[in-house]
Amino acid sequence: MKYHNWRSKIESLTPPEMRLGNDIFLLDADYIDAESAIEYEPFKIDMTIALICLGGSARIRVNMREYRLQAQTTTIILYDQIGQLVEHSHDFDCKTIAMSRDFSNALFTNIGDIHPLYSKVADTAVMNIENGGNVFGRYYSLLADLVRSPRTEFKLEAAKHLTLAMFYGYSYEQHGISEDGAGRNRRKELYTNFLELLRTNYKQHRDLTFYASALCITPKYLSQVVREVSGRSAMLCIEEYVITECKALLSSTTMTIQQIADAMNFPSQSVFGKYFKRVVGVSPKEYRN
């Protein structure tokens, strides 16, 4: 699985006055008509991307789940997720905010109760903003004014606070995240820590015991927490991470099935094939074809 080379393309497409160092890039939809800028195969993304759709339509996949973009929707794709543009209409119009990994990490580090928001965004990439679309529009305008400002003092810090305020004030409401008791917050924190462990270890570990041990809880309690917070089983979350990567490798690379099995740390191609067919319903070869 390759990383899309966002940095070089964004630097060539973004006017200097619409970027803040190497941390924030603001783009309009014109770039999507440049065929060289479009990535139709699945790719891992190395930035956090927010798309505010103003008109037209497009179909995308995020972690191999398909979404339709149209006016009054916004899309957030987090770094390390797998993205794919399937198609777009000739009149597709959007504003794009691209944030570096370091910038995104700074937003979600040591914030505490914003972690549930991070996991919700990871689970649901596209939001309908029909009742509050102007919030994202105002955020984009304020951010653009900040980036274009001739004053250089504390620009990056101001951008972080502005972005964080947008997440708190708008996305909390959209995702149905509200204040609750300490016990509930603790379970949300455990779930988010589980997802972070999963994001960095799914190629090496597909067993629930590893993640429970790393979190210093029992597998049974981890299963209970994940189901309560997400509505899915912990094993399903693990399988989705593994299978999403496998599907993307099968779809977008020329790697052999044996090479994919090796890359995903399966003991053999046969074991990989049985795992894939159990979860997906078809063999890796059938899926690729």
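Student: Which residues touch the most other members in the largest nonpolar core?

Tutor: In this predicted model, they are Phe 194, Leu 222, Val 242, Met 264 and Phe 272, in a core of 31 residues.

Student: Which helices each supply at least two residues of this core?

Tutor: They are H6 (182-201), H7 (208-214), H8 (219-230), H9 (234-252), H10 (257-263) and H11 (269-280). H9 gives the most, with eight residues.

Student: What is Phe 194 in contact with, leaving aside its neighbours within four places in sequence?

Tutor: Phe 194 contacts Tyr 211, Leu 215, Leu 222, Val 226, Ala 234, Cys 237 and Ile 238.

Student: Back to H9: at roughly what angle do the axes of H9 and H11 cross?

Tutor: The crossing angle is roughly 110 degrees, and the axes come within 11 Å. H9 is therefore roughly perpendicular to H11, as angles of 65 to 115 degrees are classed that way.

Student: Which residues meet there, in H9 and in H11?

Tutor: From H9, Glu 239, Val 242, Ile 243, Cys 246, Lys 247 and Leu 250 meet Phe 272, Tyr 275, Phe 276, Arg 278, Val 279 and Val 280 of H11. By class, this contact has nine nonpolar and three charged residues, with no polar ones.

Student: A new topic: where is Gln 81, in a loop or a strand? Is Gln 81 buried or exposed?

Tutor: Gln 81 sits in the loop between strand E7 (73-77) and strand E8 (82-88). Its relative accessible area is 6%, so Gln 81 is buried.

Student: What lies 2.9 Å from a polar atom of the Gln 81 side chain?

Tutor: That is the backbone nitrogen of Leu 78. Leu 78 also belongs to a second, separate core of 21 residues, which includes Phe 136, Tyr 140 and Ala 159.

Technical notes: Residues numbered from 1 in each chain as written. Predicted model: local features only at pLDDT ≥ 70, side-chain atom pairs only at ≥ 80, totals over all residues. Heavy atoms only, no water. Helix = DSSP H or I, 4+ residues; strand = E, 2+ residues; numbered from the N terminus. Buried < 20%, exposed > 50% of the residue type's maximum accessible area, 1.4 Å probe, protein only. Polar contact = N/O pair within 3.5 Å; in protein donor to acceptor, adjacent residues only side chain to side chain. Core = buried A, V, L, I, M, F, W, Y, C linked by side-chain atoms within 4.5 Å. Contact = heavy atoms within 4.5 Å. Axes fitted to C-alpha atoms, helices over the stretch in contact; angles between N-to-C directions. Parallel < 35°, antiparallel > 145°, perpendicular 65-115°, else oblique. Nonpolar A, V, L, I, M, F, W, Y, C, P; charged D, E, K, R; others polar.
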